[in-house]
Amino acid sequence: MAVESGKLYLCATPIGNLGDMTFRAVETLRTVSLIAAEDTRHSRKLTSHYDIHVPLISYHEHNKRTKGPELLEKLKSGQSVALVSDAGMPGISDPGEDLVRLAIEAGIKVIPIPGANAALTALIASGLSTEGFVFIGFLPKLSTARRARLKILQNNPLTLLFYEAPHQLLKTLADIQAVLGDRPAVAGRELTKLYEEFQRGPISQLIEWFQINKPRGEFTLVVGGCKEQAAVAEDLPAAITDQQIVQEVTRAIAAGANKKDAVKTTASKLGLQKRRVYQLMLETD
(Lines give C-alpha, C1' and ligand atoms only; values in the text may rest on other atoms or scores of the structure.)
Protein backbone atom coordinates (compact mmCIF):
# COMPACT_ATOMS: atom_id res chain seq x y z
CA MET A 1 0.00 0.00 0.00
CA ALA A 2 1.41 3.38 -1.05
CA VAL A 3 2.26 5.81 1.74
CA GLU A 4 0.59 9.21 1.43
CA SER A 5 3.14 12.02 1.24
CA GLY A 6 3.39 14.60 3.96
CA LYS A 7 2.86 18.32 3.40
CA LEU A 8 5.38 21.15 3.36
CA TYR A 9 4.18 24.15 5.38
CA LEU A 10 5.84 27.55 4.88
CA CYS A 11 5.37 29.28 8.23
CA ALA A 12 5.97 33.00 8.67
CA THR A 13 7.72 33.89 11.94
CA PRO A 14 8.06 37.21 13.81
CA ILE A 15 10.31 39.87 12.29
CA GLY A 16 10.91 41.31 15.76
CA ASN A 17 7.99 41.24 18.15
CA LEU A 18 7.02 37.69 19.19
CA GLY A 19 3.41 38.81 18.96
CA ASP A 20 3.77 38.90 15.16
CA MET A 21 3.08 35.14 15.21
CA THR A 22 -0.38 34.11 13.95
CA PHE A 23 -2.65 31.55 15.67
CA ARG A 24 -2.55 29.43 12.53
CA ALA A 25 1.26 29.39 12.45
CA VAL A 26 1.48 28.34 16.11
CA GLU A 27 -1.04 25.55 15.57
CA THR A 28 0.81 24.38 12.46
CA LEU A 29 4.17 24.24 14.25
CA ARG A 30 2.58 22.22 17.05
CA THR A 31 1.15 19.57 14.73
CA VAL A 32 3.87 18.92 12.12
CA SER A 33 6.38 16.08 12.41
CA LEU A 34 9.43 18.28 11.98
CA ILE A 35 10.46 21.95 11.81
CA ALA A 36 13.20 22.87 9.35
CA ALA A 37 14.84 26.06 10.65
CA GLU A 38 17.42 28.46 9.24
CA ASP A 39 19.01 28.66 12.73
CA THR A 40 17.77 26.07 15.23
CA ARG A 41 19.11 28.07 18.21
CA HIS A 42 17.11 31.11 17.13
CA SER A 43 13.97 29.09 16.37
CA ARG A 44 14.19 27.22 19.67
CA LYS A 45 13.51 30.50 21.48
CA LEU A 46 10.33 30.87 19.44
CA THR A 47 9.17 27.29 20.00
CA SER A 48 9.89 27.55 23.73
CA HIS A 49 7.87 30.77 23.97
CA TYR A 50 4.85 29.12 22.35
CA ASP A 51 5.25 25.78 24.12
CA ILE A 52 5.96 23.91 20.89
CA HIS A 53 7.66 20.54 21.33
CA VAL A 54 8.53 19.40 17.79
CA PRO A 55 12.01 18.30 16.66
CA LEU A 56 14.07 20.99 14.88
CA ILE A 57 16.41 20.28 11.99
CA SER A 58 18.88 22.74 10.49
CA TYR A 59 18.23 23.88 6.90
CA HIS A 60 20.18 26.87 5.59
CA GLU A 61 22.19 28.19 2.65
CA HIS A 62 25.31 26.18 3.48
CA ASN A 63 23.69 22.76 3.93
CA LYS A 64 20.69 22.94 1.58
CA ARG A 65 22.25 20.58 -1.00
CA THR A 66 22.36 17.72 1.52
CA LYS A 67 19.47 18.65 3.80
CA GLY A 68 17.03 19.40 0.97
CA PRO A 69 16.96 15.81 -0.37
CA GLU A 70 16.88 14.51 3.22
CA LEU A 71 13.79 16.60 4.01
CA LEU A 72 12.20 15.53 0.73
CA GLU A 73 12.56 11.87 1.70
CA LYS A 74 10.87 12.58 5.04
CA LEU A 75 8.00 14.27 3.20
CA LYS A 76 7.68 11.32 0.83
CA SER A 77 7.55 8.96 3.81
CA GLY A 78 4.45 10.75 5.11
CA GLN A 79 5.98 13.22 7.58
CA SER A 80 4.80 16.82 7.46
CA VAL A 81 7.49 19.50 7.63
CA ALA A 82 7.22 23.18 8.56
CA LEU A 83 9.86 25.44 7.06
CA VAL A 84 10.74 28.60 9.02
CA SER A 85 13.32 31.33 8.53
CA ASP A 86 14.92 33.43 11.26
CA ALA A 87 12.38 36.19 10.59
CA GLY A 88 9.45 36.73 8.27
CA MET A 89 8.37 34.61 5.34
CA PRO A 90 10.51 31.59 4.42
CA GLY A 91 11.65 31.64 0.80
CA ILE A 92 12.25 35.41 0.80
CA SER A 93 16.00 36.10 0.68
CA ASP A 94 16.74 32.63 2.09
CA PRO A 95 17.16 29.07 0.69
CA GLY A 96 13.52 28.16 1.29
CA GLU A 97 12.78 28.59 -2.40
CA ASP A 98 15.04 25.60 -3.19
CA LEU A 99 13.12 23.27 -0.88
CA VAL A 100 9.80 24.52 -2.27
CA ARG A 101 11.01 23.75 -5.79
CA LEU A 102 12.09 20.24 -4.79
CA ALA A 103 8.74 19.58 -3.12
CA ILE A 104 6.71 20.79 -6.09
CA GLU A 105 8.76 18.70 -8.52
CA ALA A 106 8.14 15.65 -6.31
CA GLY A 107 4.38 16.29 -6.19
CA ILE A 108 4.44 17.29 -2.50
CA LYS A 109 1.67 19.68 -1.43
CA VAL A 110 3.05 23.09 -0.39
CA ILE A 111 0.93 25.16 2.01
CA PRO A 112 1.85 28.79 2.81
CA ILE A 113 1.06 30.10 6.30
CA PRO A 114 1.36 33.89 5.79
CA GLY A 115 2.41 36.44 8.35
CA ALA A 116 4.91 39.22 9.03
CA ASN A 117 7.18 40.53 6.28
CA ALA A 118 9.81 43.25 6.80
CA ALA A 119 9.67 44.70 3.27
CA LEU A 120 5.90 45.27 3.28
CA THR A 121 5.94 46.47 6.89
CA ALA A 122 8.47 49.17 5.97
CA LEU A 123 6.64 50.05 2.74
CA ILE A 124 3.27 50.79 4.33
CA ALA A 125 4.89 53.01 6.97
CA SER A 126 7.24 54.78 4.54
CA GLY A 127 4.94 57.46 3.18
CA LEU A 128 6.19 56.62 -0.35
CA SER A 129 4.00 55.27 -3.12
CA THR A 130 2.47 51.84 -2.52
CA GLU A 131 0.70 51.78 -5.89
CA GLY A 132 3.45 49.60 -7.33
CA PHE A 133 6.73 48.34 -5.93
CA VAL A 134 9.68 46.06 -6.69
CA PHE A 135 11.27 43.85 -4.03
CA ILE A 136 15.00 43.42 -4.62
CA GLY A 137 16.15 42.05 -1.28
CA PHE A 138 19.89 42.11 -0.60
CA LEU A 139 22.09 43.79 -3.21
CA PRO A 140 25.51 42.27 -4.08
CA LYS A 141 28.21 42.97 -1.50
CA LEU A 142 30.78 44.22 -4.02
CA SER A 143 30.26 47.80 -5.18
CA THR A 144 30.82 47.03 -8.88
CA ALA A 145 28.18 44.31 -8.90
CA ARG A 146 25.88 46.38 -6.69
CA ARG A 147 26.02 49.35 -9.05
CA ALA A 148 25.40 47.09 -12.05
CA ARG A 149 22.22 45.75 -10.39
CA LEU A 150 21.09 49.29 -9.52
CA LYS A 151 21.70 50.41 -13.10
CA ILE A 152 19.00 47.99 -14.25
CA LEU A 153 16.57 49.69 -11.83
CA GLN A 154 17.55 53.23 -12.80
CA ASN A 155 14.46 54.04 -14.91
CA ASN A 156 11.95 51.98 -12.97
CA PRO A 157 9.03 54.19 -11.82
CA LEU A 158 8.04 51.84 -8.99
CA THR A 159 9.05 52.08 -5.34
CA LEU A 160 12.12 49.93 -4.61
CA LEU A 161 12.54 47.72 -1.53
CA PHE A 162 15.93 46.52 -0.28
CA TYR A 163 17.28 44.61 2.72
CA GLU A 164 20.68 45.53 4.14
CA ALA A 165 22.98 44.63 7.01
CA PRO A 166 24.20 47.46 9.30
CA HIS A 167 27.89 47.17 8.29
CA GLN A 168 26.96 47.51 4.59
CA LEU A 169 24.33 50.24 4.94
CA LEU A 170 26.45 53.34 4.24
CA LYS A 171 28.18 51.74 1.24
CA THR A 172 24.82 50.70 -0.21
CA LEU A 173 23.25 54.13 0.35
CA ALA A 174 26.24 55.77 -1.36
CA ASP A 175 25.89 53.51 -4.41
CA ILE A 176 22.12 54.05 -4.56
CA GLN A 177 22.67 57.81 -4.57
CA ALA A 178 25.42 57.57 -7.21
CA VAL A 179 23.35 55.42 -9.59
CA LEU A 180 19.74 56.41 -8.90
CA GLY A 181 20.22 59.99 -7.72
CA ASP A 182 19.25 61.70 -4.46
CA ARG A 183 15.77 60.19 -4.23
CA PRO A 184 13.35 60.26 -1.30
CA ALA A 185 13.96 57.21 0.86
CA VAL A 186 13.19 55.59 4.20
CA ALA A 187 15.43 53.39 6.32
CA GLY A 188 13.51 51.19 8.75
CA ARG A 189 15.25 49.27 11.54
CA GLU A 190 14.21 47.06 14.46
CA LEU A 191 10.79 46.70 12.82
CA THR A 192 8.00 45.71 15.26
CA LYS A 193 10.50 45.75 18.16
CA LEU A 194 10.58 48.12 21.14
CA TYR A 195 13.08 50.49 19.47
CA GLU A 196 11.52 50.46 16.01
CA GLU A 197 12.78 53.46 14.07
CA PHE A 198 12.26 55.09 10.66
CA GLN A 199 14.61 57.66 9.14
CA ARG A 200 12.99 59.55 6.26
CA GLY A 201 14.46 62.01 3.77
CA PRO A 202 16.62 62.28 0.65
CA ILE A 203 19.30 59.59 0.44
CA SER A 204 21.99 62.21 1.08
CA GLN A 205 20.28 63.07 4.37
CA LEU A 206 20.15 59.41 5.39
CA ILE A 207 23.87 59.10 4.66
CA GLU A 208 24.62 62.09 6.88
CA TRP A 209 22.47 60.65 9.67
CA PHE A 210 24.13 57.24 9.65
CA GLN A 211 27.61 58.74 9.44
CA ILE A 212 26.87 60.32 12.82
CA ASN A 213 24.64 57.57 14.23
CA LYS A 214 26.22 54.14 13.78
CA PRO A 215 23.80 51.75 12.01
CA ARG A 216 22.54 48.99 14.29
CA GLY A 217 20.15 46.13 13.53
CA GLU A 218 18.89 44.82 10.21
CA PHE A 219 17.60 47.45 7.80
CA THR A 220 14.85 47.67 5.22
CA LEU A 221 15.31 50.46 2.68
CA VAL A 222 12.40 51.95 0.75
CA VAL A 223 13.46 54.13 -2.19
CA GLY A 224 11.21 56.24 -4.42
CA GLY A 225 10.88 55.30 -8.10
CA CYS A 226 12.12 57.26 -11.09
CA LYS A 227 9.77 60.25 -11.44
CA GLU A 228 10.91 61.07 -14.96
CA GLN A 229 10.11 57.57 -16.16
CA ALA A 230 6.76 57.61 -14.38
CA ALA A 231 5.87 60.89 -16.08
CA VAL A 232 6.64 59.41 -19.49
CA ALA A 233 4.46 56.40 -18.73
CA GLU A 234 1.55 58.62 -17.62
CA ASP A 235 1.68 60.52 -20.94
CA LEU A 236 1.31 57.38 -23.06
CA PRO A 237 -2.08 56.74 -24.68
CA ALA A 238 -4.38 54.29 -22.89
CA ALA A 239 -4.36 51.84 -25.81
CA ILE A 240 -0.77 50.85 -26.57
CA THR A 241 -0.26 49.33 -30.00
CA ASP A 242 2.04 46.43 -30.86
CA GLN A 243 4.04 48.80 -33.04
CA GLN A 244 4.70 51.13 -30.09
CA ILE A 245 5.88 48.20 -27.98
CA VAL A 246 8.29 46.96 -30.66
CA GLN A 247 9.63 50.49 -31.19
CA GLU A 248 10.22 50.92 -27.45
CA VAL A 249 12.12 47.61 -27.19
CA THR A 250 14.14 48.45 -30.30
CA ARG A 251 15.09 51.84 -28.82
CA ALA A 252 16.24 50.21 -25.59
CA ILE A 253 18.39 47.69 -27.50
CA ALA A 254 19.88 50.48 -29.63
CA ALA A 255 20.78 52.29 -26.40
CA GLY A 256 22.88 49.31 -25.31
CA ALA A 257 20.48 47.02 -23.39
CA ASN A 258 20.36 43.31 -24.16
CA LYS A 259 17.06 41.91 -25.40
CA LYS A 260 16.00 40.47 -22.03
CA ASP A 261 16.59 43.77 -20.17
CA ALA A 262 14.97 45.75 -23.03
CA VAL A 263 11.81 43.63 -22.74
CA LYS A 264 11.74 44.01 -18.96
CA THR A 265 12.30 47.79 -19.08
CA THR A 266 9.64 48.26 -21.78
CA ALA A 267 7.07 46.23 -19.86
CA SER A 268 7.70 48.30 -16.72
CA LYS A 269 7.63 51.61 -18.60
CA LEU A 270 4.40 50.89 -20.47
CA GLY A 271 2.68 49.15 -17.57
CA LEU A 272 2.40 45.85 -19.46
CA GLN A 273 2.95 42.22 -18.54
CA LYS A 274 6.49 41.14 -19.45
CA ARG A 275 5.14 38.00 -21.09
CA ARG A 276 3.13 40.07 -23.62
CA VAL A 277 6.18 42.10 -24.65
CA TYR A 278 8.38 39.00 -24.88
CA GLN A 279 5.83 37.09 -26.99
CA LEU A 280 5.43 40.04 -29.35
CA MET A 281 9.20 40.25 -29.88
CA LEU A 282 9.31 36.51 -30.62
CA GLU A 283 6.63 36.98 -33.26
CA THR A 284 8.48 39.86 -34.91
CA ASP A 285 11.92 38.13 -35.01
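**Close-up views of a predicted model**

**View 1. The buried side of helix α7.** In α7, the buried residues are Leu169, Thr172, Leu173, Asp175, Ile176, Val179 and Leu180. Around the helix axis they cover an arc of only 165 degrees, so they sit on the same side of α7. The general rule behind this pattern is that an α-helix has 3.6 residues a turn, so residues three or four places apart point the same way. The helix itself runs over residues 169-180, which makes 12 residues. From its first C-alpha to its last, α7 reaches 16 Å, close to the 16 Å expected at 1.5 Å a residue. Keep in mind for this and every other view that the model is predicted.

View 2. Helix α11 takes in residues 259-270 and has 12 residues. Its first and last C-alpha atoms are 16 Å apart, close to the 16 Å expected at 1.5 Å a residue. Buried here means under 20% relative accessible area, and in α11 that picks out Ala262, Val263, Thr266, Ala267, Lys269 and Leu270. Looking down the axis of α11, you'll find these buried residues within an arc of 165 degrees, so they line one face of the helix.

**View 3. Inside the largest pocket.** The largest pocket holds about 930 Å³ of space. Its lining is made up of 35 residues, and those that lie nearest the centre are Pro14, Ile15, Asp86, Ala87 and Glu218. Sort the lining by class and you get 13 nonpolar, 11 polar and 11 charged residues. Which helix or strand gives the most to this lining? That would be α2, with five residues. At least two lining residues each come from α2 (40-49), β7 (159-164), β8 (184-189) and β10 (219-223).

**View 4. The largest cavity.** The count comes to one cavity of 30 Å³ or more, and the volume of the largest cavity is about 40 Å³. To find it, pick out its lining: Ala36, Ala37, Glu38, Tyr59, Leu83, Val84, Ser85, Asp94, Pro95 and Gly96. By class, that lining has six nonpolar, two polar and two charged residues. Strands β2 (34-37) and β4 (81-84) each supply at least two of the lining residues.

**View 5. Two loop residues with positive phi.** Start with Asp51, in the loop between α2 and β3 (56-58). Phi of Asp51 is near 55 degrees, a positive value in a residue other than glycine. Then hop over to Thr192, whose place is in the loop between β8 and β9 (197-202). Thr192 is also a residue other than glycine with a positive phi, near 70 degrees.

**View 6. Zooming back out.** With the close-ups done, here is the whole protein chain for context. Its secondary structure comes to 12 helices and 10 strands. Taken along the principal axes, the C-alpha atoms fill a box of roughly 60 × 55 × 35 Å. How many of the 285 residues, as a percentage, count as buried? The figure is 44% of the chain.

Conventions
Residues are numbered from 1 along each chain as its sequence is written. This is a predicted model: local features need pLDDT of at least 70, side-chain atom pairs count only at pLDDT 80 or more; totals for chains, interfaces and linings use all residues. Side-chain values use heavy atoms; hydrogens and water are left out. On a 1 Å grid over the protein atoms alone, a cavity is a set of points where a 1.4 Å probe fits but cannot get out, and a pocket is an open set with protein on both sides within 12 Å along at least five of seven lines; lining residues have an atom within 4 Å of a point. Grid points are joined across faces, edges and corners, and a volume is the space filled by probe spheres set on the points. Helices (H or I, at least four residues) and strands (E, at least two) are DSSP runs, numbered from the N terminus. Ala, Val, Leu, Ile, Met, Phe, Trp, Tyr, Cys and Pro count as nonpolar, Asp, Glu, Lys and Arg as charged, and the others, Gly among them, as polar. The expected span of a helix is 1.5 Å times one less than its number of residues. Buried means under 20% relative accessible area, exposed over 50%, partly exposed in between (1.4 Å probe, protein chains only). The arc is that of the directions from the helix axis to the C-beta atoms.
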